[in-house]
Structure formats: structure tokens, C-alpha cells
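Morning, everyone. Please have the sequence and the structure open while I talk.

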Amino acid sequence: MNRSADQLAAAVAETAALIRAGWAERPRAAIILGTGLGSLAEHIAIEAEWNYRDLPHFARSTADGHRGRLLAGRLADVPILAMDGRFHAYEGYSFLQITFPIRVFAELGVSFLILSNASGGLNPSLRSGDMLLIDDQINLMGAGGWSAIGGLPVRPEGTGKSAHPTATVSRSFYDPWLMSLAERIASDQDIPLRRGIYIAMLGPNYETRAEYHWLRTLGDVVGMSTVPEVLAAGELGLPVIAFSMVTNVFRSDDVQQTTSGEVIHAALNAEPNLRQLVTRLLMEWTSNSPLVPRPSPHS
Ligand code: HPA
């Protein structure tokens, strides 16, 4: 992966150009489908698709439950891009590699980002199958910003930006307007949805008993993704909304083994609620959005 800001910009432009050559639409939103949630892709009217291996500078999906293809098409008649499978730090990818697609989506002019993931429930009132609207996050991935898992610079060289912290305590990375729209749709459609804090661990192991006891004092759910993409969206000024599907719940009296098979199975069962919410969100967004459309490089 490239080091300088110029090289990074050139890599983003190259990938964006390839996508544009295969699909001339301007995407309104980009969706990242988390573990076990790829079945949402079956409801997209696909107009073009690429295996990640055919997209320059994209990493490969190696995790269970992640197919590794980029889809372009329509959901609720809205032109969108969807990642059927994402990249994780536990696969050995740097934050810069994980978030490369977000830079490409911004370059293609998407107005906002919809993220989804599977998570373990820490809050004892959660049940497997519950959907959480993430309203804040704790980054315990052991890497911050664009810092070096693989020797990458904190800031791409030549950006003229210093490496000072960029977030402040008052900052929310999650878009308040999108969150209240999602909550209104959920209540209209009788889809249970509550807000909560997502904690990101590096993984790849599910949490130990000791980690679980500690983490439940900090937040509502735990997973191994999303935080890098949210940080990148924040840097790029891209509004973001994120849904977490609770696939397993920790009980202090009965800490059972979590398996990836169980997580994928539970996510699959929870997918219809996510799909319904995301579909309506796109429909209503097109008619109501106060979000400023981003300039499209090709319009
Ligand atoms: N821990 C971390 N990530 C997860 C879990 C979990 O229990 N369930 C689904 N993703």
C-alpha cells in the first residue's frame, strides 16, 4: 500500500476510474455488509460487480461469512455500492488497507455510508438477534487513525497535516440526522432498535471471560470491525450510520464458547430487519435529505 498522499490519491483515483468504467451511475450511498449479512446483497438489483481481486489496491476478504465482491446497483431504486464482505485488522490488514474502499466511495461521490456488523452483546438486556444503532464507539483495536500496523505513516506524507489528534470529546462520528431517521423508520415499521456503544477489539479471538467482565463496564456490544471505517469517514467528512446485529450474548453465570458458525447463523436470521430498515432509509433519504450532496467528480 502506498505511502505518500499523492500515491494514495493516485491509487484511489485508479480504482474509482475502473469502477466508473463499468458502471456510469453516481452512487448515492455505500453499504458495507458485515459478517453473515451478505444475504442483503440478494435484494440489490445488481448492475455491475467486481471480485475484490480484480480491483486494484483492494485487499482480499479472508474471513468466514465475507464473500469479497463489490456490487453496484439499486436498492429501493437508489443507486448504491455495496461491499459484500469487509476487511479486518485481524486478517493482518492495516487501517489504511481496511479503509481504502471508503476513500474510493468518497471519490465516487457517495453522500453517506451505511455500515453493518455482527457483535457480541455485553449489555445483559440484549438478546441474540437484536439490532443496535451504534451511537458511539470505543477503539480498543490497538491501532489508532492511520497508524502503522504495517509501518504506514500516521498521516500520509505530504498532506501538510500534522499528526495531532483529530477527534475531540464532544465529537460524534455518527450522523445525528441519519440516526433519528432510522429510529423513526424503525418505530413506524415495528422493528426493535436501540442505541448503544460499540467496542472494537483487534481479535481474532472472541473475548475471554476476563475481557468480557471488563468490557461490559464500558459498552453495549463488542466486535472486530467498523471503527476503522468510521474514523476514515470522519476524516473524509462522510456522514455515517452503523447497525450492529447482536449474534451472541455473554452471560456472567454461563460464559459459553462463541463460534464463527453461530455468529454467521444468527446474523443471517437477523438480516431481514436490517434489510427492511436500510431499504426504507434509502427511500426516505432520497426524498428528505438535508445532507449536502457531495460533488461528483464525473457529473
Ligand atoms: N466478540 C467479538 N466479535 C463478535 C462477537 C463477539 O462475541 N460476536 C460477533 N462478532
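Predicted model: local features only at pLDDT ≥ 70, side-chain atom pairs only at ≥ 80, totals over all residues.

Let's start with a term. A polar contact is a pair of N or O atoms within 3.5 Å. Keep that cut-off in mind.

Now the ligand. What lies 2.7 Å from a nitrogen atom of the ligand? A polar side-chain atom of Asn248 does. An N or O atom in the Glu207 side chain is 2.6 Å from a ligand nitrogen. Ala118 uses its backbone instead. A polar backbone atom of Ala118 is 3.3 Å from a nitrogen atom of the ligand. How much of the ligand does the protein bury? Taken alone, the ligand exposes 260 Å², and the protein buries 96% of that.

Who else is around the ligand? The shell includes Ser119, Gly120, Tyr206, Val222, Gly223 and Met224. Thr247, Phe250 and Val263 are also among the residues around the ligand. By type, the shell splits into six nonpolar residues, five polar ones and one charged one.

Next, where do these residues sit? Three strands each supply at least two shell residues: S5 (112–121), S8 (221–223) and S9 (240–249). Which strand gives the largest share? S5 does, with three residues.

Let's move on to salt bridges. Here is the general idea. Side chains of opposite charge can pair when their charged atoms come close. How many salt bridges does a search of the whole structure find? Eleven. I'll pick a few.

Take Arg69 and Asp84. They form a salt bridge, with the closest N and O atoms 2.9 Å apart. Arg69 lies in strand S3 (residues 69–75), and Asp84 lies in strand S4 (residues 78–84). So this pair ties together parts that are 15 residues apart in sequence. Buried or exposed? Arg69 has a relative accessible area of 12%, so Arg69 is buried. Asp84 is at 2%, so Asp84 is buried too.

Now a pair inside a helix. Arg184 and Asp188 meet through their side chains in a salt bridge, 3.2 Å from N to O. Both lie in helix H3 (residues 176–188). They are four residues apart, about one turn of the helix. Arg184 has 36% relative accessibility, so Arg184 counts as partly exposed.

Glu284 is buried, with a relative accessible area of 14%. Arg280, at 27%, is partly exposed. Now put the two pairs together. Salt bridges with shared partners join Arg184, Asp188, Arg280 and Glu284 into one network.

Last stop: Asn273. Which helix holds Asn273? Helix H6 does. Asn273 has 30% relative accessibility, so Asn273 counts as partly exposed. Look at the sequence, then at the structure. Asn273 and Asp130 are 143 residues apart in sequence. In space, their C-alpha atoms are 9.4 Å apart. What does Asn273 touch, leaving aside its neighbours within four places in sequence? Asn273 is in contact with Met131, Ile191 and Pro192.

Arg69 and Asp84 link strands S3 and S4. And four charged residues, Arg184, Asp188, Arg280 and Glu284, join in one salt-bridge network.

Note on methods. Residues numbered from 1 in each chain as written. Heavy atoms only, no water. Near = heavy atom within 4 Å. Polar contact = N/O pair within 3.5 Å; in protein donor to acceptor, adjacent residues only side chain to side chain. Areas by Shrake-Rupley, 256 points an atom, 1.4 Å probe, with all protein chains shown as cover. Nonpolar A, V, L, I, M, F, W, Y, C, P; charged D, E, K, R; others polar. Buried < 20%, exposed > 50% of the residue type's maximum accessible area, 1.4 Å probe, protein only. Contact = heavy atoms within 4.5 Å.
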